Amino acid sequence: FLIKSAEFIKSAVRFENYPPALYPEVAFAGRSNVGKSSLINCLVQRKKLVRTSRTPGQTQLINFFLINGAFYFVDLPGYGFAKVPLKVRAQWGPMIETYLTKRESLRGVVHILDIRHPPTPDDLNLWHWFRDNHIPAIPVVTKADKIKRGQWDAQMKQISLSLGIPTSEMVLFSANTQQGRSELLGKLLDWLIP
Ligand code: GDP
């Protein structure tokens, strides 16, 4: 599966400002600093399509990227960063909920987790919210290269138990080594081109 082109289309906060829902799309969600930008850049093989580590406190935006002129990758603002002002944090829930429940072209969400840590309460809230609202979501456990290979199974097992799904439904990933890239692209393609 080849990514031939990836271009930034626009940022939006409000539903009215999303680009027209002309293409199927996949969204990416995760805690701030979890490795979301690196994962998207790795998928599209571009170093800086998504800018990493934006200054906290800035307005949080939903970013739309057109891939191969055929579908959107949607970068959702990261959550759980303590230094984000309360006012900005309070906007996150309604903004995300509106996007996830109203965007008719949304096919599924890539939920990014860190192999080194058990899911945070914020991670679990979002995960259960996906389940309760019947939004297809795939947990992608990233930064695999940060721990020893021998620890992968135990960490994946712990995360899968916490999420309540088998490890076979999660993808082990590393933006540094590109591990898991083809597997994840394959799964996304199943969503985008059924
Ligand atoms: P975001 O805030 O979720 O978009 O996170 P970033 O993509 O900016 O990544 C946060 C930090 O983790 C950066 O320093 C990245 O270089 C690093 N990082 C992201 N993915 C990986 C990975 O797979 N392996 C390693 N070793 N570092 C990573």
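Predicted model: local features only at pLDDT ≥ 70, side-chain atom pairs only at ≥ 80, totals over all residues.

Modeller: Gladly. Two strands count as paired if DSSP finds at least two bridges between them.

Start with its partners. On one hand there is strand S2 (residues 25-30), which pairs with S4 in the parallel sense over 4 bridges. Within that pairing, Glu 25 stands opposite Tyr 72 of S4. On the other hand there is strand S3 (residues 62-67), joined to S4 by 5 bridges in the antiparallel sense. Here Ile 67 is the residue opposite Phe 71 in S4.

S3 and S4 form a hairpin with 3 residues between the strands, and in it Asn 68 adopts a positive phi near 55°. Gly 69 also belongs to the loop between S3 and S4. Is Gly 69 buried or exposed? Gly 69 is exposed, because 10 other C-beta atoms lie within 10 Å, and the cut-off for exposed is 12 or fewer.

In S4, 5 of 5 residues are buried, so each has 20 or more other C-beta atoms within 10 Å of its own. Now for the two faces. In a regular strand, side chains alternate between the two faces of the sheet. For S4, Phe 71, Phe 73 and Asp 75 are on one side, with Tyr 72 and Val 74 on the other, and all of them are buried, leaving both faces covered.

Stepping back to the whole sheet, we find an open arrangement of 7 strands with mixed pairing, in the order S1-S3-S4-S2-S5-S6-S7. The edges are strand S1 (6-12) and strand S7 (171-172), each of which pairs on one side only. Helix H1 (residues 36-44) packs on this sheet and touches S4 as well as S1, S2, S3, S5 and strand S6 (137-142). The direction of H1 makes about 145° with that of S2.

Beyond S2, the parallel partner of S4, comes strand S5 (residues 106-114), which runs parallel to S2 and is joined to S2 by 6 bridges. Ala 29 stands opposite His 111 of S5 there.

Notes: Residues numbered from 1 in each chain as written. Helix = DSSP H or I, 4+ residues; strand = E, 2+ residues; numbered from the N terminus. Contact = placed C-beta atoms within 7 Å. Axes fitted to C-alpha atoms, helices over the stretch in contact; angles between N-to-C directions.
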